[in-house]
Amino acid sequence: MSKVASAIALTVVAGAALSGCGGHAAATKHHKTRPSHTAAAGPTQLRLGVFGSPAELAAYQQAVSTYDAQHTDVTISVQTWPTAAAMMKDLASGSPTPDVFLAGREDLAELEQDKTIAPVDEALAARNVDLGDEYSREALEAFSADRHLQCMPYAADPDVVYYNTDLVDFDAMKAAGVATPNSLDSGKWTVNTFAAAVQYASAAGPRIRGFYLPPTLEGLAPYIYSGQGKVFDDETTPTSLAFSDPSSQKALEELLPAVTTPGATLSAQQLKKHTPLQWFERGKLAMMVGDRSIVPELREQPGLHWDVISLPSVNGTTTVGDYTGLCLSRTTKTPQAAADLLAYLVSDDAEAIVAHAGSIVPVNNEVALSDDFLQPDLQPAHAKVFVNSIRQMHILPVSSDVADSLDGAVGGLLTQLLAPGADVAGISASIDAASQPILAQALPSSSSSPSATTSATTSASTPAG
């Protein structure tokens, strides 16, 4: 049994044992238990480190304020960063590590190597946090190493398709005899159905564009994986992109006709004027790809009607994304108080506060399927698509820095690939060749965490209309 598998066995068995002593009720009570630390002469000082959008950061502050109000012997300050990269840069420069902090999965290896974090499984088990049914095996594996759960999985960011419901009106399309998805609730559709939607939306007016596919590795990878193709030559230690692999060529042949129809996508001139998100907000772009973080901004656009659906399926629905987790500092001076805070933050009640802000997709299934996240009275109407997409999420086997370097090296070629009439085979071979120096340089650390390989498994579902 691998170390990762052993770690998951440990955490799931612990969760099952706790469930047997109270089930879900026990899992949702841990934030109400009395703190295990003893009161000192004054309130215990804790620091929580988080990153994200303004709405997300405000939600973390609200959750902390609730905890502060319930525990007068603890005072919590919240330290914020705009991104995980900004936080990691500060920590690397010697800034004190917060007692509890949010971290990206891809930074787990560095945090372990630097001995920045302490495993959380025993601390959470002691506080009756159920690691069983409420969390997927994939989420637990993403933060497991050395037979322990290193950080607690907290949120995911799968990519989905955002669509303007005035331009992509599935009811009107069906009435007109245009192919539509079988079920918006499942959020599954084929590339052919997607192509029909692109053409339908593009015909709405001379300045309307049907879809924007970014010429990036992240933009194209889901469709190659969906078509059972290979993005990299090796998902463990990649040495080259594999766009020229026969399986990848077949997937691209299925996808490219849908997104390279003249007039169907944004031109280079249009992209110089506005971003795809801005075109979408103006009602001039029918569909685009994004994660949950843009929901609050879209909700603020007056008169914009929109929803979400999964990425179209070549041969099984697939998306890309990653996880974030909550970690305990190894150097905290108050480990018991810090563990109490962590247990509270991953409780249903606390995570519901953050989920309600609209920026994250909780990996806690109880919260993800609650109205706090689904918010049925707000756009998008089919928010469950985000939750379903986690199960189909593929994690690229390189860090975001390496992915950015690859985009810099092959971005021009990817743009050529997405042009009408492109020499797909020839450009794909050039893409693979251009990627090899980048991956050779990154080879020692190209797998961004000990569990990256295991958590990168694609879960493909049966194609639907």
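Colleague: Where is K115 found?

Modeller: In this predicted model, K115 lies in the loop that runs between helix 5 (108–113) and strand 4 (117–118).

Colleague: And what is phi of K115 near?

Modeller: The phi angle of K115 is near 55°, which is a positive value in a residue other than glycine.

Colleague: While we're on the backbone, which peptide bond is cis?

Modeller: The bond from Q379 to P380 is cis, and its omega is near 5°. As for its setting, P380 sits in the loop between helix 18 (371–374) and helix 19 (384–390).

Colleague: OK, switching to helix packing. At what angle do the axes of helix 3 and helix 16 cross?

Modeller: The axes of helix 3 (residues 54–70) and helix 16 (residues 348–356) cross at roughly 150° and come within 8 Å. Because angles over 145 degrees count as roughly antiparallel, helix 3 is described as roughly antiparallel to helix 16, and the crossing of these two helices is right-handed.

Colleague: Which residues meet there, in helix 3 and in helix 16?

Modeller: From helix 3 come E56, A59, Y60, Q62, A63 and T66, and they meet A350, I353 and V354 of helix 16. Sorted by class, this contact of helix 3 with helix 16 holds six nonpolar residues, two polar ones and one charged one.

Colleague: What unit does helix 3 make with strand 1 and strand 2?

Modeller: Taken together, strand 1, helix 3 and strand 2 form a β-α-β unit that is right-handed. Strand 1 (residues 44–51) pairs with strand 2 (residues 74–81) in the parallel sense, over eight bridges, and within strand 2 the residue T75 is the one that stands opposite Q45.

Colleague: Now helix 11. Is helix 10 roughly parallel or perpendicular to helix 11?

Modeller: Helix 10 (residues 217–226) packs against helix 11 (residues 246–259) at an angle of about 110°, with the axes 8 Å apart, and the two helices are therefore roughly perpendicular to each other. On the helix 10 side the contact is made by L220, Y223 and I224, while helix 11 supplies S248, A251, L252 and L255. By class, the contact of helix 10 with helix 11 has six nonpolar residues, one polar residue and no charged residues.

Colleague: And how many Å apart are the axes of helix 9 and helix 11?

Modeller: The axes of helix 9 (residues 191–202) and helix 11 are 9 Å apart, and the packing angle is about 10°. That angle makes helix 9 roughly parallel to helix 11, and the crossing of this pair is left-handed.

Colleague: Which residues of helix 9 meet helix 11?

Modeller: V191, F194, A195 and V198 of helix 9 meet E254, L255, A258 and V259 of helix 11. This contact of helix 9 with helix 11 divides into seven nonpolar residues, no polar ones and one charged one. L255 also belongs to the contact that helix 11 makes with helix 10.

Colleague: Last topic: what order has the open sheet of three strands?

Modeller: The order in that open sheet is 9-8-10, and its pairing is antiparallel. Strand 9 (287–290) and strand 10 (306–309) stand at the edges with a single partner strand each, so one side of each is left without a neighbour in the sheet. On average, and with direction ignored, neighbouring strands of this sheet are turned by 30° against each other.

Colleague: How many bridges do strand 8 and strand 9 pair over?

Modeller: Strand 8 (residues 160–164) and strand 9 pair over four bridges in the antiparallel sense, and the bridge partner of Y162 in strand 9 is M288.

Notes
Residues numbered from 1 in each chain as written. Predicted model: local features only at pLDDT ≥ 70, side-chain atom pairs only at ≥ 80, totals over all residues. Heavy atoms only, no water. Axes fitted to C-alpha atoms, helices over the stretch in contact; angles between N-to-C directions. Parallel < 35°, antiparallel > 145°, perpendicular 65-115°, else oblique. Left-handed = near helix turned anticlockwise from the far one by under 90°. Contact = heavy atoms within 4.5 Å. Nonpolar A, V, L, I, M, F, W, Y, C, P; charged D, E, K, R; others polar. Pairing = 2+ DSSP bridges. Right-handed = clockwise from strand over helix to strand, strands pointing away.
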